[in-house]
Structure formats: structure tokens, C-alpha cells
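Please take a moment with the sequence and the model shown here before reading on. The explanation goes from the whole chain to single residues.

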Amino acid sequence: MQFAHSEEQQLIRESARSLLSTGAGPAQLRAVLERPGGYDVDLWRTIGELGWTGLAIPQAYGGAGLGWVELCILQEELGRRLVASPFFATSALAAPLISSSGTEEQRATLLPRIASGTVRIACALGGTDGRPPCDGVTATLERRGASFTLSGVCDFVIHADTAELLLVLARAPLSQGAEGISVAVIPAATAGVTIQSHVMLDLTRPMSRVELSGVSVGREQLLGEPGTAGAAVEEALDLARIALASEALGGAERLLEMTTAYVKDRLADMMIEVEAAKSAAWYAACVADERRTELAEAAAIAKSYCCDAFFDCAANAIQLHGGIGFTWEHEAHLYFKRARATATLLGSPAWQRERLVRGFASGAAATPVF
């Protein structure tokens, strides 16, 4: 397994960095934070035209047919600039859920729209208590004759207020854990769906509460077989965790650069954390492409370590910048808030480590050596 990027992968990084350096700088970010929707419409359109949204989608569905490593390169670059964009929710979260849970016909219908950048999808994963799925899935799906009914509340749904489609994780009544899990695809404007925007700590990643009041769902709107999506969902979420880890790595690396320019002392710990985070993130990204049997373990390691590194680097950045680090005019506080919010998304670092311990206790594969 190689950590050195190929020439093609380096070109992807250089292209992304060049675009984002001019189109997603601090001034553009602050302007986006003042707009309804919380993302740059023009930048999103450009991302779609460049094929970023379909980078890891197979060519058969209109994508570039590249791997998770290439997508994670984009995630890292987006994380460097705190880009407020539906990219993660749509391409790194919704696309894997559709790929792993959907039928061939459903993949052929939905994935080309993601690949072309012509749809924004929000994923309603868990309830109000913040537990990660599948344990945290609280919305219910009940059969009503030939159709189904969705009910419940899904909270902290990324970019739900501007999404065109919702992927809703729901469970059969009385089911637990990964059992009885279904994935429903519904238009955000469906009758019975109410979306309430939150005022979030992380201003760069808008989240909303999605209330489902007896939403009627046809059989064709359920990905795959009803009640059997648990394992597929877990795999898709591990891919998303790796993508999120790469975004965290990008934020941590950018914070290191910013802080180095401001002060030359007290950086040794941050450098060690970032370099170790790189190993964890890129090992996990390679596992996603080459050794899926280690996916859950690699995702938990990457998510826990990279998010800890991001948070530690964010805290150090504010301290090392002194008084200016606490002001609205400097973006350090935005990185700190993103780091704190990212740590809890898809399972906190502590939860990821508990997950590893449970895996070891059940006889899972040994931890990879970095």
C-alpha cells in the first residue's frame, strides 16, 4: 500500500488548490456565511463542471471512475479552506449510501445526477440525541398497504435547508442497532417534511432538524430491500468517516501553516499530530480502495486521530495567535468551531476508540502499523 501520490493525484491536488486559493479564500468564506443557504452557488456549479462531484463514481454512472484516495484529496483541499459546500453531504456521504444500498436501477438513476453536480442531497442519519448511526437511527418506517410511512425527527442534517433530495435512515418498529434499517429517498419538498435550520457552532457547515410527520413513501423510494440496509449503511458511513478525516487533515495542515507564519515556537506537537494524522487518513483512504476487510478499523482510527489532531491544532492556533486569534476578523475561531463540530460528526473520537476496543474484543484484525 503506497502513500506517495501518483502524478495524476498530484495534478488533482494542484488543480483543487489553485481553484480554491482564488475562489474560496477568507473573504469569500465570510461573504458566504452572510448568505442564505450557507454555500457558494457559483463555486458549487464550478465544482460540478470540473467533475469533482463524480470523481469517485464509476464511469458507468457518469463519474470519473477514480477511487476514494482521489476523493479524499479533494476533501483535504476543501478542508484547508473551510469551504462551505454540499460536496461532503452529496458526494462523500449520499453517493456511498446509494452505491452500497441501492439497486442497479436506483444507482443508474441517482448517481449520474451526483456525478454531474446537478443535485444536492442531505442525509438524515440520526435523532436528536446525537448518537451516530446505526444505533442512533430513530426515525421509523412502517408498512401501510402497498406503501410505507416515515415518522420521527432527524437532527443535525447537513445542508438540509438547501437540499433537493433527502436520504433518510429509518428503522422498522422495535428494531435495534443495524437491524431493520432502510434508506428512503424523498424530495425535500415532500408533504409532511418540515426542515428547521439550526444556529450552529460551526457556521461553515449548516445543519437542520428534519421532522417527518407521516410521510408517504413508495416502495420504489426505498434503496434496496426494506429493512436490510444496515450492513451497507455501516460501510458507506465508514467511507464518509474517512472522507471527513481527510477534511480534518486539510484543516489541521492549513492551521499549521497559518500558525507557523505567525509564530515559530510551540509547534513541535502540532507538527507531530499533523504528520501522524496524515498517516492515519491516507492509510484509511487506501484501505477504502484496496482492503475493505479493514475498513471499519481504519475508519475509526483515522476519524478519531485526525479529529483530535484538528481540535488540538485549532486550540494551539488560537493560543499562539494571541489576542487576534479570538477576534471575528481572524479565521482561527472558525477552524476551532469546525474542529469541535467535526469531532462529534459520525461518532466522536472517544466513540471511535470504543468501537476499536469492541472490535478487538470480538477478535477483529490487528491494528495496522503506521
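The model is a predicted one. Its protein chain has 11 helices and seven strands. Along the principal axes, the C-alpha atoms fill a box of roughly 70 × 50 × 40 Å. A compact globule with 370 residues would have a radius of gyration near 21 Å, and the chain has 20 Å, so the value agrees with that of a compact globule. Of the 370 residues, 57% count as buried. The accessible surface of the chain comes to about 14,900 Å², and carbon and sulfur atoms account for 54% of that surface.

Two further values describe the chain as a whole. Among contacts between residues at least 6 apart in sequence, 75% join residues at least 24 apart.

The interior comes next. In soluble globular proteins, nonpolar side chains tend to be buried together. In this model the largest nonpolar core has 100 residues. Phe 88, Leu 167, Val 233 and Ile 242 are the residues with the most contacts inside this core. Helix α7, which covers residues 230–262, gives the most to the core, with 15 residues.

Setting aside residues up to four places away in sequence, Phe 88 touches Gln 75, Leu 93, Ile 158, Arg 205, Ala 240, Ala 243, Leu 244, Leu 345 and Leu 346.

Which strand holds Ile 186? Ile 186 is in strand β5, which spans residues 181–187. Its relative accessible area is 0%, which is under 20%, so Ile 186 counts as buried. When neighbours within four places in sequence are left aside, the contacts of Ile 186 are Leu 150, Leu 165, Leu 166, Val 168, Val 193, Leu 212, Val 215, Val 217 and Gln 221. The C-alpha atom of Ile 186 is separated by 9.4 Å from that of Gly 218, a residue 32 positions apart along the chain.

Cys 134 lies in the loop between β1 (121–124) and β2 (140–144). The peptide bond that leads from Pro 133 to Cys 134 is cis, with omega near 10 degrees.

Leu 174 is in the loop between β4 (165–171) and β5. Its phi is near 75 degrees, a positive value in a residue other than glycine. Is Leu 174 buried or exposed? Leu 174 is exposed, because its relative accessible area of 86% is over 50%.

Leu 346 also is not a glycine and has a positive phi, of about 60 degrees. This residue lies in the loop between α10 (332–344) and α11 (349–361). At 5% relative accessibility, Leu 346 counts as buried. Leu 346 is also one of the residues that Phe 88 touches.

Another loop residue, Ala 24, is found between α1 (7–23) and α2 (26–33). Ala 24 is buried, with a relative accessible area of 6%. Not counting residues up to four places away in sequence, Ala 24 touches Leu 19, Leu 43, Arg 81 and Val 83. Its C-alpha atom and that of Leu 78 are separated by 8.8 Å, although 54 residues apart along the chain.

Thr 327 lies in the loop between α9 (295–321) and α10, and has a relative accessible area of 26%, which makes it partly exposed. Thr 327 and Val 217 are 110 residues apart in sequence, and their C-alpha atoms are 48 Å apart in space. Lys 337 has its place in helix α10 and counts as partly exposed at 23% relative accessibility. Apart from neighbours within four places in sequence, Lys 337 is in contact with Leu 201 and Asp 202. Between the C-alpha atoms of Lys 337 and Thr 260, which are 77 residues apart along the chain, the separation is 20 Å.

Key: Residues are numbered from 1 along each chain as its sequence is written. This is a predicted model: local features need pLDDT of at least 70, side-chain atom pairs count only at pLDDT 80 or more; totals for chains, interfaces and linings use all residues. Side-chain values use heavy atoms; hydrogens and water are left out. A nonpolar core is a set of buried Ala, Val, Leu, Ile, Met, Phe, Trp, Tyr and Cys residues joined through side-chain atoms within 4.5 Å. Buried means under 20% relative accessible area, exposed over 50%, partly exposed in between (1.4 Å probe, protein chains only). Helices (H or I, at least four residues) and strands (E, at least two) are DSSP runs, numbered from the N terminus. Contact means heavy atoms within 4.5 Å. The radius of gyration is taken over C-alpha atoms; the globule rule is 2.2 Å times the number of residues to the power 0.38. Accessible areas come from the Shrake-Rupley method with a 1.4 Å probe; for residues, only the protein chains shown count as cover.
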